[in-house]
Amino acid sequence: RVVKKEGKLENLKGLLQSEAKLFSSLVIGHTRWATHGAVNDTNAHPHENETFAIVHNGIIENASKLKEEIVKSDYQFKSETDSEVFLAYLTLEFEKLNDVTKAIINTFKKVEGNSAFVIIHKTNHQIFAIKKSAPLVCGVNEKAGEVFVSSDPYALIGFATKIYFPDDNILCVGDNRNATQILGFYDMEENPSHAYKVQEKEMTMDVVSKGKFDHFMLKEIFEQPELVNRIISIYAQGQAKQDLQKIADTKPSLMHIIACGTALHAGLLIKSFLENINAIPTQSDYASEFRYRNPLLSKGQAGLFISQSGETADTLACQELCKERGLKTYSIVNVDGSTLFRNCDENLLIHAGTEIGVASTKAFTQMVLVGYLLSQAYEGKVDTPEIQQEFKNVATAISKILEREEEIKSIAKEIYNYKGFIFTGRGQQFPVALEGALKLKEIAYVHAEGYAAGELKHGPIALFDETMVNIAIVTNELYEKTLSNAQEVKARNGVMVVLGDGENKELQEISKYYFGIDYCGVKDLKPVVSNVVLQLLSYYVAKQKGTDIDKPRNLAKSVTVE
């Protein structure tokens, strides 16, 4: 029986409620955004025929070529998807071999690109899963005799008592009728394999509750003070401190910081720490561009890869390239056991807990803080009173901003209908301008751009009139120059929303809306504090616009295709 519906999960729930009650001990399902074909019921997963049903995460890069082979056999395609190409090829292989396992392995070998597949054969009580450079985890509840497969370990919270992270090209076979082995792993020659990592610590359900908040994003913004205090206590002692020291024991001749989106903005701040505090030459790159510009890589350099999920396809590919060229590779990542975590030489976990909101908030903060601690580890200062105090001050400053939530909400109500938004900052506040603009784009669906404030007169200032908002971060860093840039926008009738350092009459005079930040003695980590204001501002602009804040259109939490 196949039940599927395009759109929100509520649509599928409604359809299921109208169906006769369904009973099965073998079920697959999937939610994904389309890489091939329109978003409609036909192209939705699962894809099935008389023999197999499959779900697929990722992209089949040679789908067109495989389809040319398949059409010669008169196979009738039902959808426009690349996923059905796998189903068709699998079905034809099975007709030749009459062996489910061999047919899956042979078909998987033909596929190019990053993909994970889950498969059931309609007269076989087993569930099959296999992947290459795409997230896939298996779970078991041995007492209940249950087997699970997922693209995300957090989806198994409350169900699986043990979670397995299989390597690429490992066929996972679940069979709850097998009393001795309900989950098995096999290589491409069908030999039993131990190419997987096991996680036995149980994850709890409370991490995925919204609690008193309207959205997960807002809850995650409010979690930040506690997380700031926790991360310094984790890294000031024990294994985490040793993990920092392992990396810091050898200074690279050049550090490549590679990431995407929000993680790259965190990387830009970490670059400033490594260069200004440690004098380590550092380059930051979009993961999607890094491999294709033929980077000059040599031993003695190192790669630092930043990702919330640890499954970002472009970032993983860059890590593989660096490793092949003999570089040490390190990660700053949230998910223990993720592909990036397993592939890197050393890892620094950000300990942000589950981040449900697609638009990252608390993970950005934790990435920056862990990068700062790495910088301090190079100087041997992680557990010093000064660093402890810096983190306490950050947590206090963020708490004070959260107490002023209504003030930020009122600014959002005044500005949400303007034509566009230009975020500006200088020095360490420039990456925050980029991140603030990205948040607003992601969840409010408005045109927003981040610029280094000094770049305005090289083009973007032409955009400004009374319909455009400038959200200007003007702190004591390069104050006179940043103030001058803001005054230039004010003179062109731009709507000025200014974030400043405390009570500042000069900034208040040029602002239509002024938000003075009490940094509470923070020295090196001011950008982390400024960013929280922009997180709340973006949230409340989006709320005014009535968008789907936790699940913005066209976006996925983990980008598993290039």
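**Figure 1. Strand β16 is largely enclosed by the rest of the structure, because 6 of its 6 residues are buried.** The view is taken from a predicted model. G420, I422 and T424 point one way from β16, whereas F421, F423 and G425 point the other way, and all are buried. In a regular strand the side chains alternate between the two faces of the sheet.

**Figure 2. Strand β16 pairs in the parallel sense with strand β17.** The two strands, residues 420–425 for β16 and residues 448–452 for β17, are joined over 5 bridges. Helix α15 (residues 429–444) carries the chain across from β16 to β17, and this β-α-β crossover is right-handed. Within the pairing, T424 stands opposite Y451 in β17.

**Figure 3. Strand β16 also runs parallel to strand β18.** Strand β18 comprises residues 468–474 and is joined to β16 by 5 bridges. In this pairing G420 of the sequence faces a residue of β18, namely M468, which stands opposite. G420 is also one of the buried residues of β16, and it points the way that I422 and T424 do.

**Figure 4. The second largest cavity has a lining of 7 nonpolar residues.** A search of the whole structure finds 2 cavities of 30 Å³ or more. The second largest cavity has a volume of about 40 Å³. Its lining consists of I408, I411, V497, L499, F515, V533 and L537. No polar and no charged residue is present in this lining. At least two lining residues are supplied by each of α14 (405–415), β19 (495–501) and α18 (526–545).

**Figure 5. F86 and F117 form a stacked aromatic pair.** A search of the whole structure finds 12 aromatic pairs. In the pair formed by F86 and F117, the rings lie 3.7 Å apart centre to centre, with 15° between the planes. F86 belongs to helix α3 (residues 83–97) and F117 to strand β3 (residues 115–121), so the pair ties together parts that are 31 residues apart in sequence. F86 counts as buried because its relative accessibility is 1%. F117 likewise counts as buried, at 0% relative accessibility. Ring pairs link F86 and F117 with F108 into a cluster.

**Figure 6. F148 and F159 form a tilted aromatic pair.** The ring centres are 6.0 Å apart, and the angle between the planes is 50°. A pair of aromatic rings is described by the distance of the centres and the angle of the planes. The pair links distant parts of the chain, 11 residues apart: F148 lies in strand β6 (residues 146–150), and F159 lies in the loop between β6 and β7 (162–166). F159 counts as partly exposed, because its relative accessibility is 45%.

**Figure 7. The loop between α1 and β1 contains P46.** The peptide bond from H45 to P46 is cis, with omega near 0°. Most residues other than glycine have a negative phi, and most peptide bonds are trans. A38 is also found in the loop between α1 (9–18) and β1 (47–48). With a relative accessibility of 40%, A38 counts as partly exposed. A38 and H121 are separated by 83 residues in sequence and by 27 Å in space, C-alpha to C-alpha.

**Figure 8. E190 has a positive phi although it is not a glycine.** The phi of E190 is about 70°. E190 is located in the loop between β9 (183–186) and β10 (196–199). Its relative accessible area is 30%, so E190 is partly exposed.

**Figure 9. C520 is a residue other than glycine with a positive phi.** The phi of C520 is near 55°. C520 lies in the loop between β20 (513–517) and α18. Helix α18 is also one of the elements that supply at least two residues of the lining of the second largest cavity.

Terms used:
Residues numbered from 1 in each chain as written. Predicted model: local features only at pLDDT ≥ 70, side-chain atom pairs only at ≥ 80, totals over all residues. Heavy atoms only, no water. Pairing = 2+ DSSP bridges. Helix = DSSP H or I, 4+ residues; strand = E, 2+ residues; numbered from the N terminus. Right-handed = clockwise from strand over helix to strand, strands pointing away. 1 Å grid on protein atoms, 1.4 Å probe; cavity = no way out; pocket = protein on both sides within 12 Å on 5 of 7 lines; lining within 4 Å. Points joined across faces, edges and corners; volume = space filled by probe spheres on them. Nonpolar A, V, L, I, M, F, W, Y, C, P; charged D, E, K, R; others polar. Phe/Tyr/Trp six-rings, centres within 6.5 Å; stacked < 30°, edge-to-face > 60°. Buried < 20%, exposed > 50% of the residue type's maximum accessible area, 1.4 Å probe, protein only.
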